[in-house]
Amino acid sequence: MSSILNVKNVSYRYKDAAKDEYVFKDLNISFELGKSYAIKGKSGSGKTTLLSLISGLEKKYNGEILYDGKNLKKMNLDKYRNSDIGIVFQSYNLLPQFTAEENIILSMDINNLKKVNKKQKAIELMEQVGLKKSLAKRRVLKLSGGEQQRIAIARSLSYNPKIILADEPTGNLDKETENEILKIFNNLAHKENKCVIIVTHSQNVCNNVDKVYDLLKNV
Amino acid sequence: MYIFKNAIKNITRSKGRNILIGIIIIVIAAASSITLAIRESANNIVSAYQEKNKIEATIGMNRNYLMEKLREDNASQEDMINAFNSIESITEEEIEKYGKSDYISSFYYTYDLSVDAKDLTEATDSLVKEKTEVTTDTTTTTKKTTTTNGSNSRNNPGGPPPGGKSSTTTTQKRTTTTRKTTEKIFNEKAQDGAFTLIGYKSYENMSKFVNGDYTITDGEMFSDFESDSVVISEELASLNELKVGDKITFVDPKNDKNTYEATITGIYKENTDSSNNMSTMFTNSANEIITNVSFVKKILLGNEDLSVTITPTFILNNKESVELFSTEVKEKGLSDYYMITSNIDEIESATKSVDNVKIFATTFLIITLIIGGVVLVVINMINIRERKYEIGVLRTIGMKKSKVSLQFMSELLIVSIFGLLIGAGIGSFLSVPVSNKLLANEIENANAKYDDIGKNFGRGDIDNNHNENNSNEENNNKSFRNFDFGIAKVNEVDSIDAIVDFKVLGELLGIGVLLTFVSSLASMIAIARFSPLQILKERS
């Protein structure tokens, strides 16, 4: 199967770092649809940085990252982030003044989805990630950490992206909830044919994905 | 659309922050609407006043220039008299030439001729006290005249010389006329006649009737400008028991054998206090008799020695035209012995209080907008810093910078519109009393200054002299206050109806939008510079 995402000879160093002090150098990895991946490594190994590059939040790097054969540097990254990839963060990053349902609908609005009953779809997504319909009208701050993370996942799925990027998605959750979230991600990969990439330092996550990339410091 | 919906959600769910912004905008809007309403109303008042009292210029003798010239030449008194007499009245041709100007909208001229009249008693002016001792025999009449103040003017050409001097004269007996001539020591041209015939060419030229200073109360204005018709004042009619249809026999002041009969077609009333007018301060305007140019020329044809004063009036486009027209006329060849005078000072002094209130309102508006703008910018910056996380999330899930900025601006705009509406409501409620209070203070200050000037002249406090038994002094003080020291006519405009109308609301909306943009500008720059990754890292 061909790769949906290719990281080719990518090197990155911080602005204020020495000339030869790279976070990672000539990194080559690829990701396919229908599989789940874990990127692990020690603190400072560049896991989150790599996720930033893949998600288009950081553009200053050497090498190239190809999404479906297209170079990210030449793409509209706002559109890319809102249609081709979904991002899930460790701290959920939901808008606290909005309800669960509104957070999901906002993402659809930004994507300019039309001819869709957004409320109905938001409920369906919530149910897909194991949330009850009754939570839809609740402000997100009144939800538990696991519930908020499910809302974040539901939000990332709202515009049906091909890739789901998750940065330490279970870092703030207990083991049981972590397993439930991992189950959702694996379902998305295997049943929905998505490419799920999880940045983690959790061995449990590494044990439950299809492939693991280990980033060593100063590769 | 979703941006607008989200903006409303954000406003309703962050009440504290938005109420704070709203209060600031209400204060700015209320202050702005009051000042805008005052400015607008003041402009309307000034425009209406200037519309009613057009800026006029005329050409008159430059006595100061002539006196300086004569002093330089060490001229004798006789030389001075001759020099004054030698200056001819400006001609019709010259007036027509000067009238072709871009700085004026129209012009006209009147023929002013001093005449006597048979069996007609002249109205006297309170400022010129006359003690007349008349000794009549078959050949001579003696008259002694004393003045409390004195000046030669167009309407009192026979008045005594300045300085309150007394003069006694013996002249040829003229029992058919009511006015006996005084000693001819100053300007022979100005010694003629008790009445002033003012000859007009058309109705349009009769500015005092056009602007409502004079109104016909009985009969009507003559329609035939070739007829021997006159219109006289109520005072003159009452004094001489004259009515419409009666005839007046005018007498050539230099040759009493020449008489001219005219029919009274109307009687007019003067609606304004004539003592407000510099030109009639020391005379009684009741002696002005309105007629047509044709009748004046008829009298002039009977005696070559009679001299007429042609008084041009140029209606200027605006106040800037005064200087420009004056320069143009000089360039066209007006002699240095003549000068352009205008009523601009009179008009400006009448609206000075309103103008001062307008200036105060404008200054207050500018200060309010600056302070309000700065406060809004600061609050917005704090707001943006507080909502940095929200910006980071929106950017991360793919919202464009421009849309994030638009949403934040929409929130401020919605709060601003509500603030503006409430502020305009408060402003419309307060603008009338505030503006009238300001104007009352202005008038009070101007009057206080005026009273101080009066005291300097030994007039004492004007209000304290308000005594029915002392009408002469009261009249003097009244006239004194009306004298133009640059702050005269302070009561001319004494009320501003400062109403918040659609124009003010439109200006207010413009200010609101401008303030929103200015205060949002800083936040837009901040949003553009924020790195979502950095924000989310900081948050984590």
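A residue counts as buried here if 20 or more other C-beta atoms lie within 10 Å of its own, with C-beta atoms placed from the backbone. Keep that in mind for the first stop. The model is predicted.

Stop 1: Select chain A. Of its 219 residues, 47% are buried. The chain has 7 helices and 9 strands. Look at contacts with a separation of 6 or more: 71% of them join residues 24 or more positions apart.

**Stop 2: a sheet in chain A.**

Now show residues 3–12 and 62–67 of chain A. These are strand 1 and strand 4, paired in the antiparallel sense over 5 bridges. Which residue of strand 4 of chain A stands opposite Asn6(A)? Leu66(A) does.

**Stop 3: two helices in chain B.** Select residues 352–386 and 502–529 of chain B. Helix 11 and helix 15 pack here at an angle of about 35°, with axes 9 Å apart. Their crossing is right-handed.

Show the side chains at the contact. Helix 11 of chain B contributes residues including Leu369(B), Gly372(B), Gly373(B) and Leu376(B). From helix 15 of chain B come, among them, Ile511(B), Leu515(B), Val518(B) and Ser519(B). Color the contact by residue class: 11 residues are nonpolar, 6 are polar and none is charged.

Key
Residues are numbered from 1 along each chain as its sequence is written. Chains are lettered from A and ligands numbered from 1 in the order in which they are written. This is a predicted model: local features need pLDDT of at least 70, side-chain atom pairs count only at pLDDT 80 or more; totals for chains, interfaces and linings use all residues. Axes are lines fitted to C-alpha atoms, for helices over the stretch in contact, and angles run from 0 to 180 degrees between N-to-C directions. Helices (H or I, at least four residues) and strands (E, at least two) are DSSP runs, numbered from the N terminus. A crossing is left-handed if the near helix is turned anticlockwise from the far one by less than a right angle, and right-handed if clockwise. Two residues are in contact if their C-beta atoms, placed from the backbone, lie within 7 Å. Ala, Val, Leu, Ile, Met, Phe, Trp, Tyr, Cys and Pro count as nonpolar, Asp, Glu, Lys and Arg as charged, and the others, Gly among them, as polar. A residue is buried if 20 or more other C-beta atoms lie within 10 Å of its own, exposed if 12 or fewer, and partly exposed in between; C-beta atoms are placed from the backbone. Two strands pair if DSSP finds at least two bridges between them.
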